[in-house]
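Have a look at the structure first, then read on.

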Amino acid sequence: MSSLIKLGASNMITADSDEPLHVFDLPQIYMKPTGTELIQTLDLVTIKPRSFASSAHDPAKGRAVDPTGLTRYLTSIIASPLSWLETDELREAIWDAAAARLSERSGRTAMPAMSRVFAIPTSWGEEFTLTLHEPSLTSDNLGMKTWVSSYLLSKRLHSLLDTTPPQLVPSTSTTPTPNRTLKALELGAGTGLVGLSFAALRGKSAKIHLTDLPPIVPNLAHNAALNIELLTKTAATVTTGVLDWSVAPATPPTPEEQYDLILAADPLYSPDHPQLLVDTIAVWLSRGLDARVVLEMPFRDAYLPQIRELRERMMNLGLAVVEEGEETGYDDWETAEGGAVAVRCWWSVWGWSEKLR
Ligand SMILES: C[S@@+](CC[C@H](N)C(=O)[O-])C[C@H]1O[C@@H](n2cnc3c(N)ncnc32)[C@H](O)[C@@H]1O
């Protein structure tokens with residue numbers, strides 16, 4: 001779509017100017033703007049999903065819009081019969097676009113479903129892309145969205161797990177050394193970004209089971225299917241299923257059923273979660289020499305006590321940090337004011353402490 005909006009005979013708004021647009025610069029309904037003018041305007045005021053780029057500046061972003069009065073402006077379009085426009089289809093398209101712009105300004109929870117593409121680096125210098133479907137987000141289904149720490153962890157996996165094509169032989173001291181197929185489990189996988197990235201990176205030298213709560217798993221399975229071409233090319237084995245941390249397995253898993261590696265991104269957002277998560281890790285993590293847990297989570301103010309509790313519980317279980325660090329990502333949705341939200345995240349790799357000595 002063109003980055004120019006024509007306003008009457010002489011007014012042109014360019015998308016690249018530094019000056020933020022004010023609502024009075026936009027075509028007003030009482031002036032009966034054309035359908036094209038309205039569509040272009042509504043495109044210009046889109047709050048675009050950020051690409052999780054590790055910078056607050058998103059070069060793909062268009063011209064800033066002063067949010068003052070924008071909600072009223074969008075409502076005026078929705079409330080107008082747009083009777084001067086030629087077709088019902090055009091009127092519908094404009095009302096839909098105005099409603100979508102209003103939703104964006106109501107926060108991510110009001111956003112419609114979407115598909116997003118994530119670029120994941122590899123240790124051999126290439127990157128691959130994963131396409132993930134994100135249904136419309138509701139407050140109790142946080143796994144329908146891809147959260148920033150999962151993107152940071154997905155980009156870090158290749159260095160943590162030291163993958164190399166085509167044999168995909170890992171060799172660091174901090175990660176399992178598979179002369180056999182590595183069995184991995186993702187807890188609270190959400191849309192599956194971490195687990196699917198792991199599968200594509202490790203290819204045939206690993207099997208991964210992506211798990212979450214029952215309402216989340218159908219979309220998780222859908223996302224695995226969406227990326228089947230990449231997963232087939234790398235010969236990765238991916239399965240999905242329900243694993244609720246609050247439900248103990250009817251019979252404890254045998255050592256063969258346990259996992260060499262457990263992955264989890266952004267798993268703590270309730271006071272119960274540290275205990276539930278660590279108890280689940282205790283059940284499912286192999287007692288083998290090379291067993292590892294890889295975690296990444298944001299330092300959200302409200303959940304700092306949960307992060308402390310998680311650390312303590314992991315250590316009480318007999319696990320110790322092998323490697324850890326902090327990094328900053330940017331939340332994928334801008335605020336209505338146009339600013340990216342910086343999120344500080346903590347990543348960590350854990351192994352059995354007596355076996356680390
Ligand atoms: C904030 S989301 C993170 C999703 C994904 N890992 C990401 O970072 O994009 C937390 C995830 O934990 C899952 N979860 C919460 N409680 C759970 C439980 N008791 N058992 C299993 N998964 C749970 C949620 O369904 C959700 O998918």
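Searching the whole structure turns up 1 cavity of 30 Å³ or more. On a 1 Å grid over the protein atoms alone, a cavity is a set of points where a 1.4 Å probe fits but cannot get out, while a pocket is an open set with protein on both sides within 12 Å along at least five of seven lines; lining residues have an atom within 4 Å of a point. Grid points are joined across faces, edges and corners, and the volume is the space filled by probe spheres set on them.

The largest cavity holds about 40 Å³ of space. Its lining is made up of Asp266, Leu268, Met297, Pro298, Arg300, Tyr303 and Ile307.

A word on where this comes from: the model is predicted, so local features need pLDDT of at least 70 and side-chain atom pairs count only at pLDDT 80 or more, whereas totals for chains, interfaces and linings use all residues. Residues are numbered from 1 along each chain as its sequence is written, and side-chain values use heavy atoms, with hydrogens and water left out.

Now for the largest pocket, with about 540 Å³ of space. It is lined by 33 residues, and Leu142, Gly143, Asp212, Asp266 and Tyr269 are the closest to its centre. Helix H5 (193–202) and helix H8 (273–284) are the elements that give two or more residues to this lining.

What takes up the space of the largest pocket? The ligand does; to sit there, more than half of a molecule's atoms must lie within 2 Å of the grid points. Around the ligand there are 18 residues, and Trp147, Gly188, Asp212, Trp245 and Ala265 come nearest (near means a heavy atom within 4 Å).

| Side chain | Ligand atom | Distance |
|---|---|---|
| Asp212 | oxygen | 2.5 Å |
| Asp244 | nitrogen | 3.1 Å |
| His273 | nitrogen | 3.3 Å |

On its own the ligand has 590 Å² of accessible area, and the protein covers 96% of that (Shrake-Rupley method, 1.4 Å probe).

Technical notes: A polar contact is a pair of N or O atoms within 3.5 Å; within protein, one must be able to donate a hydrogen and the other to accept it, and residues adjacent in sequence count only if both atoms are side-chain atoms. Helices (H or I, at least four residues) and strands (E, at least two) are DSSP runs, numbered from the N terminus.
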